Amino acid sequence: MRGVVTITFLLSHLLLLTDYCFSHPLCTNMRAPFTPKAPLVFCQYDGSVCCNSTDDIQLQNQLKAMNVSDLGCSSLLKSILCSRCDQFSAELYQIEFTPRKVPVLCNSTVSVNSTQSQLAEVDFSKVWDECKNVSILNSPFALHDGVGFPFNSTKLTDIWHSKSAFCDEFGGASEAGAVCFDGGPVVLNHTEKLSPPSGICLEKIGNGSYLNMVAHPDGSNRVFFSDQPGKIWLATVPEQGSGAPLTINKSNPFLDLTDHVYSDSELGMMGIAFHPNFQQNGCFFVSFNCDKVKWPECSGRCSCNSDVICDPSKLNSENGAQPCQYSSVIAEFTANGTTSQPSSVISVKRQEVKRIFTMGLPFTSHHGGQILFGPEDGYLYFMMGDGGSAGDPYNFAQNKKSLLGKIIRLDIDNTSSTTEIDDDLDLWGNYSVPGDNPFAGDEELQPEIWALGFRNPWQCSFDSERPSYFLCADVGQDQYEEVDVVTKGGNYGWRVYEGSFLYNPPTSPGGNTSASSIDPIFPVMGYNHSDVNKGVGSASITGGYFYRSMTDPCMYGRYLYADLYAGGMWAGTESPTDSGNFTSTQMLVGCARDSPIQCSVETGSSLPAIGYIFSFGEDNSKDIFILTSSGVYRVVCPSRCNYTCSKENVTSLASVPSPFNSTSSRLSNPLIELLLLVSTLLLLFGSCNL
């Protein structure tokens with residue numbers, strides 16, 4: 001039995017080491033595809049593309065410069081050049097690895113018995129057959145010096161001695177899960193039809209009301225909770241089905257900042273994030289609001305200033321507060337004060353190690369405040385609302401010189417010099433700006449900005465299995481609540497649009513942005529205000545997570561989100577997988593009969609009264625938690641609420657919907673499938689012999 005467990009452990013870790021590569025619509029510049037204002041003439045791609053008319057002309061000129069006389073070869077080269085306009089070009093050109101001059105070409109030279117043999121019908125190795133003896137100036141297939149071939153080689157046969165060598169270099173049989181180019185636009189043909197789950201079953205495991213939950217970086221079953229007034233607690237999560245509640249010592253917080261935090265309806269401690277190397281450096285970060293009248297160290301530069309065409313002296317006081325009396329702060333703290341093992345620390349001093357960011361706020365609402373570390377780049381993402389007041393009167397969300405209404409991306413490991421902070425870059429604190437932030441291609445943008453056009457982003461998350469999927473919920477004004485797939489430099493429309501609807505602000509002292517001047521990225525999910533709270537007339541979205549636990553296998557791979565007031569909860573299903581096309585289903589929510597803490601019930605109903613839904617959380621087991629005004633809830637097996645899930649009895653990894661669904665332009669990896677199969681059998685064998 002011990003040997004079985006050991007082998008299973010090793011195989012599981014092999015799976016974790018496997019590089020999962022997923023696609024979704026993304027351009028080579030890491031920006032989202034868009035609909036061009038005029039159809040492309042040379043590269044005739046329809047719908048969302050990655051080229052504008054200028055790019056189209058440049059690609060046409062590039063083909064002319066090749067001076068290719070053979071029509072068949074010229075046609076193939078045109079299609080290869082135009083693949084840069086494909087909405088999946090980021091993956092076609094494998095920009096996460098070494099950037100390529102040529103997309104990954106679909107290659108059927110693999111064995112017909114291989115799991116990749118579905119590519120045989122779309123073999124693009126015909127490039128060799130058509131072009132091998134054709135002279136191509138400035139060939140994208142040419143090698144660089146140091147390889148042994150001259151730069152001026154114009155024929156493929158001058159460089160490559162055989163078709164197989166050429167296909168090994170440019171063919172697409174090597175990267176598992178990646179798309180490849182077959183001569184036309186990438187099409188995802190995944191046809192599996194997923195029925196929506198019958199409901200979401202919850203158990204109540206805590207009575208406290210919290211705003212944030214973060215898994216402990218040590219990988220254990222411990223988590224951190226924070227509340228709006230300014231305390232953080234360390235808690236232990238019970239095993240699924242144990243019948244036990246959360247273990248949390250409310251009298252001994254991990255960190256208490258209540259003397260520094262100003263808490264009100266939309267102000268308080270808004271976010272916590274642990275450094276990717278917390279286990280070594282003990283660093284963690286807190287985002288909170290403060291009042292400079294009550295705490296002198298709160299004072300920061302006002303976000304209403306001449307750079308953004310705003311005069312704070314002309315703003316009225318709001319709820320008794322003067323403009324920029326309150327600030328948004330990000331501060332660094334350490335768990336290394338008394339030990340070299342941060343994971344063993346259960347409480348820390350409230351002394352800041354470093355003030356990362358301070359910005360005065362013009363109004364008393366719409367400050368976002370969540371902070372997250374990017375799972376791939378290690379940078380800190382800061383979600384900031386438009387600053388408040390109805391309709392964003394100063395148009396901060398569209399103003400590229402303002403950080404309000406933006407998602408901000410900071411390098412907190414490398415601090416800029418005093419000159420850069422005060423003069424050159426005009427920064428807001430002790431951080432530096434990642435060199436690949438969008439300002440490098442748009443000089444009008446403040447360097448910290450990653451994406452713009454948000455009203456009040458409330459809870460964002462990276463998909464734990466597909467880190468390029470960065471989803472944010474954005475609270476609407478009067479009509480629509482939305483979920484966006486956030487990409488580099490994306491403009492998400494507010495206040496020109498609310499969702500996909502044109503918005504007319506009641507006042508515009510800060511000017512307007514015309515709809516024709518932006519390329520908005522519209523939501524992938526959301527709901528109308530009229531769909532919820534018909535009697536109350538209010539709505540406010542709370543973003544969640546892609547569900548990646550096998551506790552409820554019918555929920556696997558769906559994105560969960562909710563409404564703050566209505567208690568409504570939705571599951572977003574993407575179809576085809578990796579397409580960016582989502583369909584949302586409002587879910588029935590139940591409470592398990594054997595919940596560790598009994599749920600209250602709505603008057604005149606059998607449904608649980610869970611209260612206001614503040615946010616979601618995810619632990620190290622990928623279970624999903626819901627943080628509400630009435631307590632902490634966890635998603636559990638659907639059968640505990642008498643919900644039906646045909647996959648629930650399949651307890652192995654084989655029931656996980658495969659992230660490597662095949663299409664005519666998609667590759668798969670038989671090693672992953674084999675490891676999944678073997679580990680599944682070993683797990684089943686082990687469970688029968690306990």
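Predicted model: local features only at pLDDT ≥ 70, side-chain atom pairs only at ≥ 80, totals over all residues.
Which residue in β22 is the bridge partner of T542? In β22, that partner is A562.

Strand β22 covers residues 559-563. Five of its five residues are buried, so the strand is largely enclosed by the rest of the structure. Y559, Y561 and D563 point one way. L560 and A562 point the other way.

β22 pairs with strand β21, residues 541-542, in the antiparallel sense. Two bridges make up that pairing. β22 also runs antiparallel to strand β23, residues 569-574, and four bridges join them. Within that pairing, Y561 stands opposite W570 in β23.

## The chain as a whole

The protein chain has 690 residues, and 54% of them count as buried. It holds 10 helices and 28 strands. Take the contacts between residues at least 6 apart in sequence: 65% of them join residues at least 24 apart.

F88 is 91 residues away from V179 along the chain, yet their C-alpha atoms are separated by 8.0 Å. V179 is buried, with a relative accessible area of 0%.

## A five-strand sheet

Which strands form the open sheet, and in what order? Five strands take part, in the order β25-β1-β28-β27-β26. The pairing is mixed. β25 (589-591) and β26 (613-618) stand at the edges. Each has a single partner strand, so one side of each is left without a neighbour in the sheet. From one strand to the next, the twist averages 35 degrees.

Inside this sheet, β27 (residues 624-628) and β28 (residues 631-635) run antiparallel. Four bridges join them. F625 stands opposite R634 in β28.

| Strand | Partner strand | Bridges |
|---|---|---|
| β21 (residues 541-542) | β22 | two bridges |
| β22 | β23 (residues 569-574) | four bridges |
| β27 (residues 624-628) | β28 (residues 631-635) | four bridges |

## The second largest pocket

The second largest pocket has a volume of about 850 Å³. Its lining counts 34 residues. N29, R31, F34, N52 and D519 lie nearest its centre. The lining divides into 14 nonpolar, 12 polar and eight charged residues.

## Backbone geometry to check

Several residues deserve a look at the backbone.

N67 is placed in the loop between α2 and α3 (71-82). Its phi is positive, about 55 degrees, although N67 is not a glycine. Is N67 buried or exposed? At 53% relative accessibility, N67 counts as exposed, because the cut-off for exposed is over 50%.

Q459 also has a positive phi without being a glycine; the value is near 80 degrees. Q459 is found in strand β15, residues 457-462. Q459 is buried, with a relative accessible area of 6%. That value falls under the 20% cut-off, so Q459 counts as buried.

There are also cis peptide bonds to note. One joins S575 and P576, with omega about -5 degrees. P576 is found in the loop between β23 and β24 (582-587). Another runs from W494 to R495, with omega near 5 degrees. R495 lies in the loop between β17 (480-485) and β18 (497-498).

R495 leads on to N395. Residues touched by N395 are R495, G510, G511, N512 and T513, leaving out residues up to four places away in sequence. N395 lies in the loop between β12 (380-384) and β13 (406-410). N395 is buried, with a relative accessible area of 6%.

Notes. Residues numbered from 1 in each chain as written. Heavy atoms only, no water. Pairing = 2+ DSSP bridges. Axes fitted to C-alpha atoms, helices over the stretch in contact; angles between N-to-C directions. 1 Å grid on protein atoms, 1.4 Å probe; cavity = no way out; pocket = protein on both sides within 12 Å on 5 of 7 lines; lining within 4 Å. Points joined across faces, edges and corners; volume = space filled by probe spheres on them. Nonpolar A, V, L, I, M, F, W, Y, C, P; charged D, E, K, R; others polar. Buried < 20%, exposed > 50% of the residue type's maximum accessible area, 1.4 Å probe, protein only. Contact = heavy atoms within 4.5 Å.
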